[in-house]
Amino acid sequence: MPFLDKLQLWADERPDDTAVVVGGKRLNWADLRDAATLRLGETPATTVLAEPNSLGFVVAYAAAVAGERRCAVLDPLWPQAMIDEVTQRIGQAGPAAAQTSATGPKTASDELSDGPPDTTFLIGLTSGTTSVPKAFTRTRRSWQVSFDASIEFFGLTQEDRTLAPGPLAASLNLYALSECLYAGAAFHTTETFDVGDVHGAIAYDGITRVVLVPTMLRLLSERGLAGGVDASGVRSIICAGSKLDARTLEAARRWAPNAAIFEYYGASELSFVSGTRLAAGEPLDAGGTGIGGPFPGVELRIMDDDGAEVPDGTDGNICVRSGMVSNGYLWGDDGQALRCFDGWYTVGDQGYVDSGVLHILGRRSDMIITSGRNVYPHEVELALASVPGVSAAVAAGIPDEVRGQKVVAGIVPAYGSVTATQVKTGLDGLLARDKRPQRYFTLSELPVTDRGKVSRQLLLDWIENNDPRANPLA
């Protein structure tokens with residue numbers, strides 16, 4: 001486990017069926033198996049991959065997790081010095097710590113097959129910008145449990161054609177690739193994220209399932225509607241990374257009218273936590289923080305910092321117990337990044353449960369303390385995105401002599417322009433007054449990372465440096 005034994009099965013049963021498509025170039029199941037097998041002789045016990053999307057990446061990845069090998073996938077856009085530092089640390093950690101099973105030390109297999117379930121196959125890295133990312137490890141069993149749960153929840157079948165247009169170095173897309181290899185479903189991606197290429201794949205490759213972050217979904221939906229790109233064949237849209245806002249959902253509904261839209265909450269170290277399915281035409285809880293009930297196979301609790309469970313409706317640490325949780329860290333563990341309370345794990349995300357639905361408030365580290373009140377940027381952003389005239393929003397905290405911190409927000413107008421008065425009036429009934437931003441900025445674009453995720457720190461950098469992409473809102 002997690003997927004090589006399955007790959008062998010699909011190659012035997014359906015050798016000529018498409019397995020992977022990258023930028024229009026294809027490998028069938030037999031070709032993928034044979035190419036990965038040929039790579040085994042030159043694949044070490046630990047492989048570091050820092051490559052852009054390609055068929056070569058997929059082949060190298062499959063070979064790199066064969067037997068008891070393990071693989072670390074790094075973002076090729078990281079500075080070379082960071083890639084070198086992470087590679088050196090992985091080498092110093094050595095395979096021994098994660099290459100021992102209950103039957104004793106093992107050596108890398110010369111066959112394209114899965115190693116023992118409890119051995120490590122993946123070294124995951126948190127997103128890095130200026131500091132060295134933390135590294136955690138996952139066993140083969142943890143991803144097989146995750147595959148079984150996600151295939152059940154999302155309804156993935158062998159007839160599906162999944163498109164994940166982001167970088168394979170991102171955990172969302174690497175998991176989607178691996179899940180499809182396990183399920184025997186065709187996986188598609190592009191060499192780089194290009195709207196035209198993605199629309200082409202949807203229009204001509206018979207894509208039935210799309211996996212992406214909400215910022216990508218909005219861009220594809222709005223431009224697809226403007227350009228007349230037919231997405232009626234898409235049956236499932238799976239979003240993660242941040243909660244869907246009302247405008248993105250509306251655009252996606254119009255562009256892909258037959259698609260069920262899934263959104264889920266998870267963390268790289270925890271895997272899936274909770275999720276919800278919106279059937280075609282089903283309304284979204286605009287401005288709300290709820291993101292469904294526990295994922296299949298997941299137990300969920302909200303606990304305080306001492307590990308005591310708190311009552312429903314009370315904020316606290318989102319804690320899970322499941323077979324999907326990672327092993328922990330190779331380095332970078334400060335005792336707070338992944339905590340365990342008697343078998344219940346948390347990465348410090350804050351939330352509460354109400355009537356069985358998990359509500360996400362955000363990371364404790366993102367929390368803004370203003371005049372003694374705890375404010376989470378996530379809830380501010382969701383409320384702002386529901387205001388008429390606002391296309392998207394991002395919130396953060398900046399130092400304030402009186403309040404300690406004050407909330408600021410950047411807004412991308414929906415149509416032409418929007419005034420601060422319109423925004424403030426629109427927040428009535430959506431957000432408590434003591435949580436509202438003190439300053440607003442008009443953004444020419446959302447501050448996002450290369451992986452499509454909104455960056456609050458980038459917003460603060462724009463404000464501090466008087467960047468023309470962020471101007472005070474009158």
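**Stop 1: the nine-stranded sheet**

Select 9 strands that form an open sheet, in the order β2-β1-β10-β9-β11-β12-β13-β14-β15, with mixed pairing. Strands are DSSP runs of E with at least two residues, helices are runs of H or I with at least four residues, and both are numbered from the N terminus. Two strands pair if DSSP finds at least two bridges between them.

This is a predicted model, where local features need pLDDT of at least 70 and side-chain atom pairs count only at pLDDT 80 or more, while totals for chains, interfaces and linings use all residues. Residues are numbered from 1 along each chain as its sequence is written, and side-chain values use heavy atoms, with hydrogens and water left out.

Go to the edges, β2 (25-28) and β15 (293-294). Each has a single partner strand, so one side of each is left without a neighbour in the sheet. β15 pairs with β14 in the antiparallel sense, over 2 bridges. Pick S274: its bridge partner in β15 is P294.

**Stop 2: a loop residue, E269**

Select E269, in the loop between β13 (260-267) and β14 (271-278). Is E269 buried or exposed? At 7% relative accessibility, E269 counts as buried. Buried means under 20% relative accessible area, exposed over 50%, and partly exposed in between (1.4 Å probe, protein chains only).

Show the side chain of Y329. A polar contact of 2.7 Å joins it to the side chain of E269. A polar contact is a pair of N or O atoms within 3.5 Å; within protein, one must be able to donate a hydrogen and the other to accept it, and residues adjacent in sequence count only if both atoms are side-chain atoms.

**Stop 3: the five-stranded sheet**

Next, select the open sheet of 5 strands, ordered β3-β4-β7-β8-β18 with mixed pairing. β3 (46-49) and β18 (328-331) are its edge strands, each pairing on one side only. From one strand to the next, the twist averages 25°.

Inside this sheet, β4 (residues 70-73) and β7 (residues 120-125) run parallel, joined by 2 bridges. C71 has L122 as its bridge partner in β7. Helix α4 (residues 80-93) packs on the sheet, touching β3, β4, β7 and β18. Its direction makes about 105° with that of β18.

**Stop 4: helix α12**

Select residues 456-464, helix α12: its buried residues are L459, L460, W462 and I463. Seen down the axis, these fall within an arc of 160°, so they line one face of the helix. The arc is that of the directions from the helix axis to the C-beta atoms.

What caps the N-terminal end of α12? S455 does: a side-chain oxygen lies 3.1 Å from the backbone nitrogen of L458. After the helix comes N466, with a positive phi near 55°.

**Stop 5: D305**

Finish at D305, in the loop between β16 (299-303) and β17 (316-321). At 39% relative accessibility, D305 counts as partly exposed. A polar contact of 2.9 Å joins its side chain to that of N317.

Note on methods
Axes are lines fitted to C-alpha atoms, for helices over the stretch in contact, and angles run from 0 to 180 degrees between N-to-C directions. Contact means heavy atoms within 4.5 Å.
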